[in-house]
Amino acid sequence: MHVDEQLLAPIKEFLHTQTPQAWIDKAKLVENQSALLIDHMICELKAAQTAMLLIRRYAVDKQSGDALMAWLTPYNDFVYRKQGDWKALANNSLSKKIVAKGNTPYGQDLIDKMILLIKEELHHFYQVVEIMHARDITFGFIGSSRYAKELLSHVTTHEPNMLIDKLICSAYIEARSCERFAKIAPHLDPILNKFYVSLLRSEARHYQDYLVLAEQIAGKDISDRIEYFGQLEGQLITSPDEDFRFHSGCPVDATI
């Protein structure tokens, strides 16, 4: 399948830098694709967790928050506790309608966008696990990479700016995911190529949803914060990185 360059155009404009060729060269090697699939699986789960935490913290009461937690529990158990049958995750769904608590002007919009995002990320998670199972790929302990951790370490500590910054960071993470799917898809076998190209449209919409929410909640121009995190994200992507992950920087062995 071919990458839709028209779809990618606004993402390339949004990101401050493209993925280094050295990362692409390493990612396309057959011996590295299992590691990338494992990390991709974790990234999909973390994306769902991030969206769920935003809803729980900013938009719903405890009862709805508990329902969201229950929705994600089987996925967390599978990854972090090695419990449960991965095939059962195909039919896991939210048990109740999530409604915004009172006095939250942006609450329902946040819920609607994030619930759709969670559903899509969990479906992508299942698709990755399905591919891993077909290729007999197993995984053990997986530590955190520097990318999201470093981005979020620069988030403001007071509201509503904290929420706005978190949404901007999530927009960059989703945009970078989309860009990297497009970069490596042409170099992969037909199954992975088709899979990664199929993810582009939803990932492209996810970054836009986060930006729209950030601008809506701010109610003012936030281009300076978008620019700030864009520069930081670009530095993380292009600077040397000892880890090799889906969102890692330039491979250290490529800089020697």
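**Legends to close-up views of a predicted model**

**Figure 1. Overall fold of the predicted model.** The protein contains 9 helices and 2 strands (DSSP runs, H or I of at least four residues for helices and E of at least two for strands, numbered from the N terminus). From the N terminus on, the order of elements is α-α-α-α-α-α-α-α-α-β-β. The radius of gyration, taken over C-alpha atoms, is 18 Å, close to the 18 Å that the globule rule gives for 256 residues, so the protein is as compact as a globular protein of that length; the rule is 2.2 Å times the number of residues to the power 0.38. This is a predicted model, in which local features need pLDDT of at least 70, side-chain atom pairs count only at pLDDT 80 or more, and totals for chains, interfaces and linings use all residues. Residues are numbered from 1 along each chain as its sequence is written, and side-chain values use heavy atoms, with hydrogens and water left out.

Figure 2. Glu44 belongs to helix 3 (residues 33-58). Glu44 is buried yet forms no salt bridge, and the nearest side chain of opposite charge, Arg205, is 11 Å away. Buried means under 20% relative accessible area, exposed over 50%, and partly exposed in between (1.4 Å probe, protein chains only). A salt bridge is a side-chain nitrogen of Lys or Arg within 4 Å of a carboxyl oxygen of Asp or Glu; Lys and Arg count as positive and Asp and Glu as negative, while His and the chain ends are not counted. Not counting residues up to four places away in sequence, Glu44 touches Glu121, His124, Phe125, Phe181, Leu199 and Glu203 (contact means heavy atoms within 4.5 Å).

**Figure 3. The salt bridge between Lys26 and Asp253.** The side chains of these residues meet at 3.3 Å, N to O. Lys26 lies in helix 2 (residues 21-27) and Asp253 in the segment after strand 2 (250-251), so the pair ties together parts that are 227 residues apart in sequence. Lys26 is partly exposed at 23% relative accessible area, and Asp253 is partly exposed at 49%.

**Figure 4. The salt bridge between Asp165 and Arg225.** The two side chains meet at 2.7 Å, N to O. Because Asp165 lies in helix 7 (residues 161-184) and Arg225 in helix 9 (residues 223-238), the pair ties together parts 60 residues apart in sequence. Asp165 is buried, with a relative accessible area of 2%, whereas Arg225 is partly exposed at 23%. Elsewhere, salt bridges that share partners join Glu120, Arg205 and Asp209 into one network.
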